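Subject: Structure for your review

Dear colleague,

My findings follow it, arranged by region.

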Amino acid sequence: IMGLMDKYTTFFDHVLSDSFYPGLQRAIGVGSAFEGWSPREQDVVYRVLIPMTPPRGHSFHLELDSAGQRPVRNFRVRVQLECTCSGEQHGENMLCFLHHPQQELSSQQEPSLLDTLCTDSYLDVHKTARWFCQLVRAIWPALPQSHRWHLTLLPSRRSCQFKVTNGTESFRIEMLFGVRREDSHIFVSSQTREAYTASTTWPETYAVAEAEFFKHIARQAPADSLHLKCLQFFARLQLGIGFSTYTTKTIAMHLLNVLPVSQWRRRDFLLRLLDVIESLRLCVQAKRLRHFIVGNRRLPGDI
């Protein structure tokens with residue numbers, strides 16, 4: 001999957017290098033499939049998040065949407081035009097969107113990002129998803145994988161979902177896109193967590209930071225560590241009851257953060273299962289589950 005994503009990234013760079021569409025960086029694998037504990041191997045969705053950067057002459061500004069009380073913070077991505085007049089003097093082949101006449105811009109230069117993927121100066125998720133899917137479809141025939149695999153785009157309004165098959169194997173992939181918050185592992189992304197999310201709303205996501213945490217644990221864990229099997233066990237168990245898999249994942253991450261990795265070996269499996277159950281009981285009793293990323297002062301320093 002990541003090999004395919006890397007090929008796409010190479011072509012994204014080539015196709016978009018001189019455009020006024022967002023720049024697309026290397027895909028980051030997120031979620032249970034990449035963290036190693038997917039509860040249902042036969043129905044895995046490989047989710048990747050692709051960071052976007054503003055094109056030449058543009059900048060992104062994240063604005064917190066403070067309307068209402070939501071469990072997830074929502075943002076809007078305001079797109080602002082920047083002066084590039086100094087760049088012209090250095091031979092850059094671009095007219096300044098701010099200081100050149102509109103008629104000259106219309107006749108000699110492609111439209112700005114504000115005129116293609118935005119609604120009221122804000123980056124529009126639905127427009128971006130449609131553009132993204134068209135880009136994925138157009139690039140596919142140029143990829144070496146296209147000679148052996150068949151691409152089928154799947155309906156989605158806030159991401160690019162597709163399936164690749166070769167007759168015997170099939171993989172379902174979801175490409176999400178987002179904007180990084182400063183230099184952190186926190187993004188605002190196209191993924192929705194509510195029944196209805198406005199097209200200019202970008203929820204904050206901690207999926208990349210959580211994936212980095214599992215990589216951090218993997219670098220320390222002994223060869224016979226069963227921390228992923230423990231998480232997978234409860235994720236499967238909870239498919240039929242009221243608790244979400246994210247609840248179990250959060251509890252398991254808290255335990256992994258406070259218990260030495262040497263205590264997650266095969267001989268400790270039953271004890272760790274009991275720890276998860278006891279932690280869940282305490283959370284239900286307190287009607288409270290602490291977020292693993294937000295406000296966690298024990299988070300490893302490299303995340």
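I begin with a single residue. Thr250 is located in helix 8. Please note that the model is a predicted one. With a relative accessibility of 4%, Thr250 falls under the 20% limit and therefore counts as buried. A polar atom of the Thr250 side chain is 2.8 Å from the backbone oxygen of Tyr246. When neighbours within four places in sequence are set aside, Thr250 has contacts with Leu289, Arg290 and Phe292.

Helix 8 and helix 9

Helix 8 spans residues 245–258 and helix 9 spans residues 269–286; their axes are 10 Å apart and form an angle of about 115 degrees. The two helices are therefore roughly perpendicular to each other. Their crossing is right-handed. On the side of helix 8, the contact is made by Thr247, Ile251 and Leu255, while helix 9 contributes Asp275, Val276, Ser279 and Leu280. Sorted by class, this contact of helix 8 with helix 9 comprises four nonpolar residues, two polar ones and one charged one.

Helix 6 and helix 8

Helix 6, made up of residues 207–220, packs with helix 8 at an angle of about 45 degrees, and the axes are 12 Å apart. Helix 6 is therefore oblique to helix 8. The crossing of helix 6 with helix 8 is left-handed. From helix 6, the residues Glu210, Phe213, Phe214 and Ile217 meet Tyr246, Lys249, Met253, Leu256 and Asn257 of helix 8. The contact of helix 6 with helix 8 consists of six nonpolar residues, one polar residue and two charged residues.

A loop residue

The last item concerns Pro54, which sits in the loop between strand 3 (45–53) and strand 4 (58–65). Is Pro54 buried or partly exposed? Its relative accessible area is 34%, so Pro54 is partly exposed. Not counting residues up to four places away in sequence, Pro54 touches Ser59 and Phe60. Pro54 and Leu24 are 30 residues apart along the chain, and their C-alpha atoms are separated by 9.2 Å.

Yours sincerely

How values were computed
Residues numbered from 1 in each chain as written. Predicted model: local features only at pLDDT ≥ 70, side-chain atom pairs only at ≥ 80, totals over all residues. Heavy atoms only, no water. Axes fitted to C-alpha atoms, helices over the stretch in contact; angles between N-to-C directions. Helix = DSSP H or I, 4+ residues; strand = E, 2+ residues; numbered from the N terminus. Parallel < 35°, antiparallel > 145°, perpendicular 65-115°, else oblique. Left-handed = near helix turned anticlockwise from the far one by under 90°. Contact = heavy atoms within 4.5 Å. Nonpolar A, V, L, I, M, F, W, Y, C, P; charged D, E, K, R; others polar. Buried < 20%, exposed > 50% of the residue type's maximum accessible area, 1.4 Å probe, protein only. Polar contact = N/O pair within 3.5 Å; in protein donor to acceptor, adjacent residues only side chain to side chain.
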